[in-house]
Amino acid sequence: MEPAPDPQSAYRAHGAALVRKAERILRNREDATDVVHALFVDLIPTWNPDVNLPYLYRAITNRCLNMVRDRGTRARLLEREGASAAPVGRVKLEDHVVGVGLIAALAERLDEGHMEVLVARFVDDMTQEEIAAHLGLSRKTIGKRLDRIRDEVISLRGQEVAG
Amino acid sequence: MSTSAANLACIGEPISWLRLETFAAGSPDASVDTHVAECPACRHCLEQLRADTVALPALVMPSSVKKAQRAWWKTAAPLLAAAAAAAVIFIVAKRPGGTHVVREDVAIVKGVGEVILGTVRERGGAIAEDAHTFAPGDRWKLVLTCPPADEVHTDVTVVELDTKPYPDRPLAPATIACGNRVVLPGAFTLTGAHANRVCVSFDATTQACVTIAPE
């Protein structure tokens with residue numbers, strides 16, 4: 001897919017795909033639409049014509065993670081998540097489809113780099129090779145980060161059972 | 001989406017959503033073509049995104065580029081008219097016995113003019129414009145009305161009156177291209193038992209505010 005020459009063209013070309021991506025993280029179309037709109041508003045003054053869909057995907061991941069980290073927004077997202085339709089869980093994490101609750105819990109334990117891999121693998125359903133190319137990292141690094149993510153999920157589950 | 005759709009499993013390694021989106025947008029990819037022909041889960045995902053309709057809010061572009069190309073008199077004429085109008089308002093407001101109504105939702109921003117702050121409240125799918133009461137679970141957005149061809153920098157603060165003295169900043173600062181009820185990026189919720197004063201600052205000294213009370 002070719003980069004778009006200006007923000008309006010990019011918004012028209014990629015806006016819907018980005019809203020769907022944000023919705024898979026936030027489980028809420030209104031918030032997903034807001035986050036995409038806000039991203040483009042911010043990009044307008046410093047628009048780079050090389051911006052393409054993979055770049056925008058990463059930007060949306062980071063913005064959605066920031067929303068989930070915010071306690072007030074997180075509470076609202078969790079409240080609305082129950083009313084949203086169950087997503088197609090093609091890639092599961094320890095037998096769970098990754099939702100707002102798990103992302104929020106892991107965001108308390110993992111840094112941005114790990115969270116980006118979490119979303120790429122378990123929300124965007126990318127392969128390890130794809131994630132490595134997408135994030136500009138080695139496959140070995142991606143593998144290590146996925147191991148750490150699984151460890152944290154197991155630890156979380158252990159705490160839930162113990163609690 | 002049905003429960004059965006949620007439980008669909010891929011026959012191998014799933015095609016990522018990014019590749020599906022790129023494929024659906026018209027970029028040929030033989031491996032995607034082959035896979036979705038055989039895999040019900042990935043085919044379902046592709047069909048889902050092809051059938052999906054997204055209502056995107058308008059992206060209002062600042063007209064600073066256009067401004068540079070305009071003849072000077074086209075720029076100067078509205079400015080002179082605005083200056084004349086401002087002078088008339090000033091004179092009228094200063095007249096003895098003249099009434100001067102101060103609206104907290106209106107700010108006069110240097111270089112832009114009048115900026116009016118409005119609200120949009122979403123409650124269980126119902127939209128109310130310029131509502132001034134909140135209940136738990138309401139989702140709020142802010143809208144600004146200001147002269148087209150200008151832009152304003154916005155910084156939103158929310159203070160729960162009679163409680164904490166420090167403000168929350170629920171929305172990221174943004175630069176907005178002016179227009180009629182232009183939506184500020186993002187949304188927020190209001191909590192607590194007291195009224196909330198929601199303000200948009202345009203510079204160090206200029207802001208427009210609305211007060212939203214609990215029901």
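**Exercise 1. Two helices of chain A**

Task: In this predicted model, find which residues of H6(A) meet which residues of H8(A), and describe how the two helices are set against each other.

Solution. 
Step 1. List the residues on each side. H6(A) brings A:Gly113, A:His114, A:Val117, A:Leu118 and A:Arg121 to the contact, and H8(A) brings A:Ile142, A:Arg145, A:Leu146, A:Arg148 and A:Ile149.
Step 2. Sort them by class. The contact of H6(A) with H8(A) holds five nonpolar, two polar and three charged residues.
Step 3. Look at the axes. Helix H6 of chain A spans residues 112–122 and helix H8 of chain A spans residues 139–162; their axes come within 9 Å and cross at roughly 90°.
Step 4. Name the arrangement. Angles of 65 to 115 degrees count as roughly perpendicular, so H6(A) is roughly perpendicular to H8(A).

**Exercise 2. Chain A as a whole**

Task: State how many helices and strands chain A has, and what share of its residues is buried.

Solution. 
Step 1. Count the elements. Chain A has eight helices and zero strands. Read from the N terminus, the order is α-α-α-α-α-α-α-α.
Step 2. Turn to burial. Of the 163 residues in chain A, 42% are buried.
Step 3. Consider the contacts along the sequence. Among contacts in chain A with a separation of 6 or more, 66% join residues 24 or more positions apart.

**Exercise 3. Where chain A touches chain B**

Solution. 
Step 1. Start with the totals. The contact involves 38 residues of chain A and 34 residues of chain B.
Step 2. Sort by class. The side of chain A that touches chain B has 20 nonpolar, seven polar and 11 charged residues.

**Exercise 4. One helix pair across the two chains**

Task: Describe how H3(A) packs against helix H2 of chain B.

Solution. 
Step 1. Two packed helices are described by the angle between their axes and the distance between the axes. For H3(A) and H2(B) (residues 17–24), the angle is about 135° and the axes are 11 Å apart.
Step 2. H3(A) and H2(B) are therefore oblique to each other.
Step 3. The crossing of H3(A) past H2(B) is right-handed.
Step 4. Name the residues. A:Leu53, A:Pro54 and A:Tyr57 of H3(A) make the contact with B:Leu18, B:Glu21 and B:Thr22 of H2(B). By class, the contact of H3(A) with H2(B) has four nonpolar residues, one polar and one charged.

**Exercise 5. A sheet in chain B**

Task: Give the strand order of the open five-stranded sheet of chain B, and explain why one side of E4(B) and of E7(B) is left without a neighbour in the sheet.

Solution. 
Step 1. Write the order. The open sheet runs E4-E10-E9-E6-E7 (chain B), and its pairing is mixed.
Step 2. Find the edges. Strands E4 (133–134) and E7 (174–177) of chain B stand at the edges with a single partner strand each, so one side of each has no neighbour in the sheet.
Step 3. Take the parallel pair. E4(B) and E10(B) (residues 207–214) pair in the parallel sense over two bridges; B:Phe134 has B:Pro214 in E10(B) as its bridge partner.
Step 4. Take two antiparallel pairs. E6(B) (residues 151–160) and E7(B) pair in the antiparallel sense over four bridges, and B:Glu151 has B:Ala177 in E7(B) as its bridge partner. E6(B) also pairs with E9(B) (residues 196–201) in the antiparallel sense, over six bridges, where the bridge partner of B:Glu160 is B:Asn196 in E9(B).

Notes:
Residues numbered from 1 in each chain as written. Chains lettered and ligands numbered in written order. Predicted model: local features only at pLDDT ≥ 70, side-chain atom pairs only at ≥ 80, totals over all residues. Contact = placed C-beta atoms within 7 Å. Nonpolar A, V, L, I, M, F, W, Y, C, P; charged D, E, K, R; others polar. Axes fitted to C-alpha atoms, helices over the stretch in contact; angles between N-to-C directions. Parallel < 35°, antiparallel > 145°, perpendicular 65-115°, else oblique. Buried ≥ 20, exposed ≤ 12 C-beta atoms within 10 Å, placed from the backbone. Pairing = 2+ DSSP bridges. Left-handed = near helix turned anticlockwise from the far one by under 90°.
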